[in-house]
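Me: I would like to go through the terms used for this model one at a time. Please set each value against its definition.

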Amino acid sequence: RLVAYSSVSHLGYVMLGIFSANPASMEGAILQMVNHGISTGALFLLVGVIYDRRHTRETAEYGGIAKVMPWYAAAWVIVTFSSIGLPGTNGFVGEWLVISGAFMSHGTLGQWGRSQAMGAAFGVILGAAYMLTVTQKVFFGPLDNPKNKHLPDVTRREAVALAPLIVL
């Protein structure tokens, strides 16, 4: 569900970019759509990988799995950074263009452009908070659940599927 919520958040930035109706925000909206497909697709793929091993999506069932699945954890962290728009990742540029375009907007948003941009900036912080909190709970900390102690790391087939998404 968390990945789906972040997906809705990404598409909210797309809508803000479209309704801001200036070149920067429109370019940001297009870029955000492309980046959303890459990062959210990779997150869903990673969720599928762990579900295939444990047959549960409950985050409470995990904890400390970076100790037994280091490559999987690294892939998750990279894709999460992209999803939250960390500078240097593909998610940053689209969000930056949308928010700065909305802030400068004189079009459809009129006087509300700045308040919408401030709300979107707060949304970036909120999205980072919930994605990083779940990442911390699932991957780091004590490895308490005995079912997680012998999970296999990323297979060659999974790595081949993930590699292009991580590179992008």
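Reply: Accessible area here comes from the Shrake-Rupley method with a 1.4 Å probe. By that method the chain of this predicted model exposes about 9200 Å², and carbon and sulfur atoms supply 70% of this area.

Me: How do you know which pattern the chain follows along the sequence?
Reply: Helices are DSSP runs of H or I with at least four residues, and strands are runs of E with at least two. The chain has 6 helices and 0 strands, so by this definition the pattern reads α-α-α-α-α-α.

Me: What makes a residue count as buried, and what percentage of the 168 residues is buried?
Reply: The cut-off is under 20% relative accessible area. Buried residues make up 43% of the 168 residues.

Me: Why is the set around Leu 46 and Trp 76 called a nonpolar core?
Reply: Such a core needs buried residues of the listed nonpolar kinds, joined through side-chain atoms within 4.5 Å. The largest one has 24 residues, and Leu 46, Ile 50, Ile 65, Tyr 72, Trp 76 and Phe 139 are those with the most contacts inside it. Helices α2 (23-54), α3 (70-84) and α5 (113-139) each supply at least two of its residues. The largest share, 6 residues, comes from α3.

Me: What does Tyr 72 touch beyond four places away in sequence?
Reply: Contact means heavy atoms within 4.5 Å. Among the residues Tyr 72 touches are Leu 46, Ile 50, Ile 65, Phe 139 and Asp 153.

Me: Which residues belong to the second core?
Reply: This separate core has 7 residues, including Val 98, Ile 99, Ala 102 and Ala 120.

Key
Residues numbered from 1 in each chain as written. Predicted model: local features only at pLDDT ≥ 70, side-chain atom pairs only at ≥ 80, totals over all residues. Heavy atoms only, no water. Buried < 20%, exposed > 50% of the residue type's maximum accessible area, 1.4 Å probe, protein only.
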